[in-house]
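User: I have a protein model open and want to go through its packing. Can we take it in short questions?

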Amino acid sequence: MATDDATPTEDLAQLLARLKDEYGVNDSQIAGAIGVSVSTVNTWVHRKRQPRPDALRALAAAYPKFTEDQIFAAAGRKTPGPLSPDAAERILALLHELTAEQQADKEVEIRALAERNRSTLS
């Protein structure tokens with residue numbers, strides 16, 4: 001992936017290395033700060049697994065020198081859009097107006113979109 005300014009991008013393992021240098025933390029401290037196990041962080045560092053979106057957001061919250069956009073891009077994903085409480089309430093109200101079958105169909109569609117976002121590059 002390349003950015004508009006032709007600056008080479010980094011993957012998540014590289015971003016985590018920078019994060020550790022910037023904040024003077026290790027895998028254990030990162031794990032504690034975002035509520036995952038040390039072995040989970042280790043799988044990210046060694047490129048064995050990619051974190052879930054909630055873990056990526058937790059990284060951005062715990063280490064604010066790195067934005068959600070930077071972290072998601074390093075993980076090869078698009079940053080999910082924000083969902084305000086009002087928007088969540090409106091969407092839920094709409095779902096309540098659907099039949100049980102329609103709700104099940106919408107759930108399948110939403111799951112498919114979420115899975116696509118987890119598995120595709122930004």
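User: Leaving aside neighbours within four places in sequence, which residues is leucine 12 in contact with?
Analyst: This is a predicted model. Leucine 12 sits in helix H1, residues 12-23. Leaving aside neighbours within four places in sequence, its contacts are Trp44, Gln50, Pro51, Leu56, Ile71, Ala74 and Ala75.

User: Is leucine 12 buried or exposed?
Analyst: Buried means under 20% relative accessible area. Leucine 12 has a relative accessible area of 2%. It therefore counts as buried.

User: How far apart in space are leucine 12 and glutamine 70?
Analyst: Along the sequence, 58 residues separate leucine 12 and glutamine 70. In space, C-alpha to C-alpha, the two are apart by 9.3 Å.

User: What is the pattern of the protein along the sequence?
Analyst: The protein has seven helices and zero strands. Read along the sequence, the pattern is α-α-α-α-α-α-α.

User: Which elements give two or more residues to the largest nonpolar core?
Analyst: The largest nonpolar core has 21 residues. Those with the most contacts inside it include Leu12, Ile30 and Trp44. The elements that give two or more residues to this core are H1, H2, helix H3 (38-45), H4 and helix H5 (68-74).

User: How are H2 and H4 oriented to each other?
Analyst: The axes of helix H2 (residues 27-34) and helix H4 (residues 53-62) come within 9 Å. They cross at roughly 100 degrees. Angles of 65 to 115 degrees count as roughly perpendicular. So H2 is, relative to H4, roughly perpendicular.

User: What classes of residue make the contact of H2 with H4?
Analyst: From H2 come Ile30, Ala33 and Ile34. From H4 come Ala55, Ala58, Leu59 and Ala62. By class, the contact has no polar residues, no charged residues and seven nonpolar residues.

User: Which residues does isoleucine 30 touch, not counting those up to four places away in sequence?
Analyst: Ile30 is one of the H2 residues in the contact with H4. It is also listed among the residues with the most contacts inside the largest nonpolar core. Not counting residues up to four places away in sequence, isoleucine 30 touches Leu19, Lys20, Val25, Val41, Leu59 and Tyr63.

User: What is the phi of arginine 47?
Analyst: Arginine 47 is found in the loop between H3 and H4. At 52% relative accessibility, this residue counts as exposed. Most residues other than glycine have a negative phi. Arginine 47 is not a glycine, yet its phi is positive, at about 60 degrees.

User: What separates the C-alpha atoms of asparagine 26 and valine 41?
Analyst: Asparagine 26 is in the loop between H1 and H2. It counts as partly exposed, at 38% relative accessibility. Asparagine 26 and valine 41 are 15 residues apart along the chain, and their C-alpha atoms are separated by 9.8 Å.

Methods:
Residues numbered from 1 in each chain as written. Predicted model: local features only at pLDDT ≥ 70, side-chain atom pairs only at ≥ 80, totals over all residues. Heavy atoms only, no water. Axes fitted to C-alpha atoms, helices over the stretch in contact; angles between N-to-C directions. Helix = DSSP H or I, 4+ residues; strand = E, 2+ residues; numbered from the N terminus. Parallel < 35°, antiparallel > 145°, perpendicular 65-115°, else oblique. Contact = heavy atoms within 4.5 Å. Nonpolar A, V, L, I, M, F, W, Y, C, P; charged D, E, K, R; others polar. Buried < 20%, exposed > 50% of the residue type's maximum accessible area, 1.4 Å probe, protein only. Core = buried A, V, L, I, M, F, W, Y, C linked by side-chain atoms within 4.5 Å.
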